[in-house]
Amino acid sequence: FDEPFSGTVSTYFLSILIHQHVKVALSGDGADELFGSYLAHRLSWPIFHYLRFRRQGKGEFAALSPIDLQLLAPFDSEAQFSFLKSLALLEQPAWRMQLAVFTDQEKQDLLTPEFLEAAVNPCTQGIYEDLLLQGSARDPLNITLEVDQRELLPNQVLPFVDRLSMAHSIEVRCPYLDYRIIEFANRLPGNFKINNGSVKYVHKKAMENLLPKDLLQRPKEGFVQPIYSWMQHTLHKWVKNNLSRERLARHGLIRPERVAEILREHYAGQVNHSARIWNLICFQLWYDLVLNSAS
């Protein structure tokens, strides 16, 4: 990648298999960002409706009617409602940062003062704020989708698919990213895309006569390797070696004491830091392979 990257690497191994049969493959990339699927997308309408209920004096779970709760799906249980409520009190850039692997405050605690002083703009929330200002969408879901079309899709999803497939001379094409499909999808109202908690609603309706019912109703499942499970067991010692104080001292960008605390909390079963640890591992491996070896 020539840059730190901690996204899924499953495409690399899938491409080994694809290469045995074809040279060009079609991918469904872009469908999530056009029709709604990720957690941030599923939160958009429920947060909008919760804030409306709150203005009506119905800010607590017990005050909501069955019809009200239907509009909050899939956050219509008491436990899920508490999570929704905690995010709904924030503006979109702020609540989206709460879904990040590291919030801005957590990065402030993780990175060394020297790095923070040298960084031009260490605040990721500002990126979301700028993207919202650039957007043209109006309803809650389409606003969220437009942000991901401008940021997540070009900066993460498409690069890893392209690079990991081209490592095996596979050309992956993305039909959903035909500009006519994008323009059409972006004109659709948000409640056509996620409807009462049902993701990609209009897309599924369009496919009803073309695909089997069990396929259309199959829950979304990410194509990822069990990396977190491996880190918990077979890669436990490898994780600790790569994130040792000595390894981190090679660059001085990350505070070793905070990393040690993250590892202690995780392996003691106090907090699930799997995603944070994987991010830190990927950065350290990149540094050791690219920057440290070059120096």
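The buried residues of helix 5 are covered by elements that include helix 3 and helix 6 (92-97). Helices here (H or I, at least four residues) are DSSP runs, as are strands (E, at least two), numbered from the N terminus. The model is predicted: local features need pLDDT of at least 70, side-chain atom pairs count only at pLDDT 80 or more, and totals for chains, interfaces and linings use all residues. Residues are numbered from 1 along each chain as its sequence is written, and side-chain values use heavy atoms, with hydrogens and water left out.

F81, L84, L87 and A88 are the buried residues of helix 5. They cover an arc of only 125 degrees around the axis, which puts them on the same side of helix 5. The arc is taken from the directions that run from the helix axis to the C-beta atoms. E78 and A79, on the other side of helix 5, are exposed. Buried means under 20% relative accessible area, exposed means over 50%, and partly exposed is in between (1.4 Å probe, protein chains only). An α-helix has 3.6 residues a turn, so residues three or four places apart point the same way.

Helix 3 (residues 39-55) packs on helix 5 (residues 78-88) at an angle of about 80 degrees, with the axes 10 Å apart. That makes helix 3 roughly perpendicular to helix 5. Axes are lines fitted to C-alpha atoms, for helices over the stretch in contact, and angles run from 0 to 180 degrees between N-to-C directions. Angles under 35 degrees count as roughly parallel, over 145 as roughly antiparallel, 65 to 115 as roughly perpendicular and the rest as oblique.

From helix 3, L39, L43, P46, I47, Y50 and L51 meet F81, F83, L84, K85, L87 and A88 of helix 5. By class, this contact of helix 3 with helix 5 has 11 nonpolar, no polar and one charged residues. Ala, Val, Leu, Ile, Met, Phe, Trp, Tyr, Cys and Pro count as nonpolar, Asp, Glu, Lys and Arg as charged, and the others, Gly among them, as polar. Contact means heavy atoms within 4.5 Å.

The loop between helix 4 (66-71) and helix 5 holds P74. The peptide bond from A73 to P74 is cis, with omega near 10 degrees.

**Helix 9 and helix 10**

Helix 9 (residues 125-134) and helix 10 (residues 140-150) pack with their axes 10 Å apart, at an angle of about 110 degrees. That makes helix 9 roughly perpendicular to helix 10. The crossing of these two helices is right-handed; a crossing is left-handed if the near helix is turned anticlockwise from the far one by less than a right angle, and right-handed if clockwise. Y128, L131, L132 and Q134 in helix 9 meet I143, V147 and R150 in helix 10. The contact of helix 9 with helix 10 has, by class, five nonpolar, one polar and one charged residues.

**Helix 1**

S10, T11 and S15 are buried in helix 1 (residues 10-19). Seen down the axis of helix 1, its buried residues fall within an arc of 130 degrees, so they line one face of the helix. Their cover includes helix 11 (152-166).

T11 is in contact with F160, V161 and L164, leaving aside its neighbours within four places in sequence. Y12 also lies in helix 1. With neighbours within four places in sequence again left aside, Y12 is in contact with L164, A167 and H168. Y12 and R250 are 238 residues apart in sequence and 29 Å apart in space, C-alpha to C-alpha.

N196 is placed in the loop between helix 12 (179-187) and helix 13, and K200 lies in the loop between helix 12 and helix 13. N196 has a positive phi of about 50 degrees although it is not a glycine. K200, not a glycine either, has a positive phi of about 50 degrees. K205 is in helix 13 (residues 201-206). K205 and L43 are 162 residues apart in sequence and 21 Å apart in space, C-alpha to C-alpha.

| Residue | Class | Relative accessible area |
|---|---|---|
| T11 | buried | 14% |
| Y12 | partly exposed | 33% |
| N196 | partly exposed | 41% |
| K200 | buried | 18% |
| K205 | partly exposed | 41% |
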